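Please open the model in a viewer and keep the selection tool at hand. The stops below proceed from one selection to the next.

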Amino acid sequence: MGVPRRYTLVVVAALVVAATAQQPASAGRTSGSSCGRKCPAPADTTAPSVSIASPANGATVSGTVTVAGSAADNVGLAKVEVAVDGGTAIAASGTSSWSAAVGTSTLANGSHAIAATATDTAGNRATATVTVTVANPVADTTPPSVAIATPAAGASVSGTLAAGGSAADDVAVARVEIRVDAGSFQPAGGTSSWTAAIDTTTLADGAHILTARATDGSGNASTASVSFSVANTTSGPDVVLRDPAATNGLALLGQGRTAGWGTLSVVLYWEEYASRPAAFFRDASTGATSYVSLPVDSLAGWDFSAYALTSDVDLWAFGGAGPMALRHFRLSGSPVPSSAALVSDQIFGDGDSRQSDFIRLASGGLLAAWHQQGETGPEGMWFAYLGPGGSSWRVTGPLQFMPTRSSKQTVVQHPADGSVWMFADPDSYGAIGAAHLTETADGMRVDWTNDNYINQRLFGENGPDPENPNLSSAPDPAAGTIVLAYQSAHRTTFQYAPFVTGSYPVLARIPVSGVPAFTALPVYAERVASMGLVVRPGEVWLLYRPVDTSTMTFDHLEASVLRAGGWQAPVALGKLYTSYDRVNASPDRVELLARLDDGRIHLYLPS
């Protein structure tokens with residue numbers, strides 16, 4: 001009874017198993033999936049895109065260049081990098097819009113490739129490239145050259161040394177500086193052609209070294225040096241005027257030149273605060289001197305006096321600030337005058353007149369010149385002529401070929417043909433005019449006038465300073481020319497407050513033909529102050545005030561001599577009593593006068 005029950009159980013189990021085995025293959029699976037939830041995403045094999053917007057292909061670049069552009073990807077961008085010529089890559093800032101700073105200073109000038117590489121998140125890469133030309137400035141490492149032309153090696157100098165030379169550079173010279181010995185460098189004037197005034201009176205006598213340094217715009221510098229010797233051995237003036245009758249200081253009355261006759265020379269001066277004009281006489285053959293008061297009770301008519309000796313006993317003086325006074329004195333005493341008597345006193349012009357010049361002619365005649373200021377009447381130049389042995393003055397004027405207000409004149413007789421030349425320079429006129437006169441039996445004839453005889457347009461920097469340069473003239477019988485001295489248009493303004501400007505003095509040699517030849521003294525002198533001129537056979541002495549560029553003053557006096565075609569070392573005469581004191585010189589003998597800072601008039605007699 002128990003056996004049939006067991007067989008039935010077995011069959012059921014088999015049916016269950018069989019039923020299980022016969023289920024459809026899709027039973028229990030998600031529709032459309034082959035691997036259920038653990039199936040991997042498909043692989044990303046698509047590269048990104050990248051482009052360079054700047055710099056443009058073929059561009060020229062320098063310095064630091066901003067390389068910029070854009071990139072894109074179908075999934076996502078990981079980074080953008082930039083490299084030059086396949087070198088080390090640098091990361092750009094941003095991805096879809098990116099930029100990177102690339103320095104070109106380490107690259108050689110020329111063609112280079114800039115590549116931008118974009119990488120996506122699957123590691124796919126794309127590269128864009130542009131070619132650029134790098135053009136960075138080439139560093140200037142070449143120093144300039146510099147040379148010293150003056151002084152020459154081993155030269156002996158004194159007074160103010162006019163140093164000068166040249167400099168050059170492959171780009172440009174920025175500045176030239178000079179120093180003496182181990183002193184500090186000071187700026188020179190100019191670059192390719194440079195000059196510098198050195199006051200050697202501040203240096204000890206003996207050997208010194210001048211160094212010039214040129215520097216270019218990149219800071220490259222080079223130097224040149226030369227040795228020279230200072231010999232400021234002048235021990236002082238040969239004569240100091242000490243009028244025994246004076247209780248006050250003495251000041252020069254004339255301006256520019258003194259007078260002489262034979263071995264006798266005369267200097268006019270006045271005693272300050274006493275209104276006393278006087279004359280200092282010196283005999284060169286004996287060395288005897290004297291001081292003679294002139295019998296006039298006033299200084300009226302003495303300002304800027306010009307004077308002449310027509311014999312060893314006849315002194316004439318002409319001057320004044322309107323009207324003009326012409327005085328004739330008879331001298332007595334030997335070997336030098338000891339007294340003077342007034343022979344005549346004559347007035348020319350009016351209150352508007354100003355003294356121009358006064359000379360003795362080779363014939364024995366006299367010529368006095370003056371000009372009008374134009375305050376009370378017309379401007380113009382006038383002159384009065386007294387023939388040899390005559391007693392009546394003949395007056396001619398006005399010559400109105402150029403302005404005369406605030407002007408300066410000088411008159412000189414030509415040693416070759418006896419003609420008389422009057423040179424004039426009005427303030428701010430910028431030209432020296434000339435009048436040509438001839439002495440005749442009837443007086444002085446005006447042959448021609450020229451209001452632009454010497455100017456910058458015709459003669460460049462040999463023209464006159466554009467303000468009101470001083471004029472000084474003297475004949476040179478040995479050369480058959482006139483020598484005219486003035487401050488030229490070669491000028492430099494060193495500072496504006498206070499205003500300090502210097503000009504090169506120029507000597508113009510004027511032959512009978514009237515065509516001038518010029519010689520400049522390469523020293524910046526005060527542009528309008530009085531100068532002294534001495535002309536002797538084979539040499540010309542010039543008395544002037546150099547501009548001291550270290551102190552910006554022009555109150556020292558120097559004398560330079562032109563001999564054998566070259567300027568000799570200047571002679572330092574000393575500091576002037578005031579920066580505007582007058583200076584005098586004999587036109588044909590080396591007698592130089594000035595009032596120095598001790599308040600006395602000094603007469604130098606250099607050999």
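The lining of the largest pocket comprises 21 nonpolar, 15 polar and five charged residues; here Ala, Val, Leu, Ile, Met, Phe, Trp, Tyr, Cys and Pro count as nonpolar, Asp, Glu, Lys and Arg as charged, and the others, Gly among them, as polar. This is a predicted model, in which local features need pLDDT of at least 70 and side-chain atom pairs count only at pLDDT 80 or more, while totals for chains, interfaces and linings use all residues. Residues are numbered from 1 along each chain as its sequence is written, and side-chain values use heavy atoms, with hydrogens and water left out.

Select Ala197, Ile198, Asp548, Thr549 and Ser550, which lie nearest the centre of the largest pocket among its 41 lining residues. A pocket is found on a 1 Å grid over the protein atoms alone, as an open set of points where a 1.4 Å probe fits, with protein on both sides within 12 Å along at least five of seven lines; lining residues have an atom within 4 Å of a point. The volume of the largest pocket is about 790 Å³, a volume being the space filled by probe spheres set on the points, with grid points joined across faces, edges and corners. Next, colour β14 (193–199), which gives the most to this lining, with five residues. Strands are DSSP runs (E, at least two residues), numbered from the N terminus.

Move to the second largest pocket, which holds about 670 Å³ of space. Of its 30 lining residues, Ile359, Arg360, Pro475, Pro587 and Asp588 are the closest to its centre. Strand β36 (472–476) is one of those that supply at least two residues of the lining, and the largest share, four residues, comes from β36. By class, this lining divides into 18 nonpolar, six polar and six charged residues.

Now select β22, residues 276–283. Are its residues buried or exposed? Eight of its eight residues are buried, that is, under 20% relative accessible area, where exposed means over 50% and partly exposed lies in between (1.4 Å probe, protein chains only). Arg276, Ala278, Phe280 and Arg282 point one way from β22, and Pro277, Ala279, Phe281 and Asp283 point the other way.

β22 pairs with β21 (residues 264–271) in the antiparallel sense over eight bridges; two strands pair if DSSP finds at least two bridges between them. Within this pairing, Val267 stands opposite Phe280. Four residues separate the two strands of the hairpin, where Tyr273 takes a positive phi near 70°. β22 also pairs with β23 (residues 289–293), again antiparallel, over five bridges, and Ala279 stands opposite Val292. Five residues lie between β22 and β23 in their hairpin, and Gly287 in the turn has a positive phi of about 80°.

Go on to Gly322, in the loop between β25 (314–319) and β26 (324–332). Gly322 is partly exposed, with a relative accessible area of 28%.

Finish at the open sheet of three strands, with the order β1-β3-β6 and antiparallel pairing. β1 (49–54) and β6 (97–103) each have a single partner strand, so one side of each is left without a neighbour in the sheet. Seven bridges join β3 (residues 64–72) to β6, and Ala68 stands opposite Ser99 in β6.
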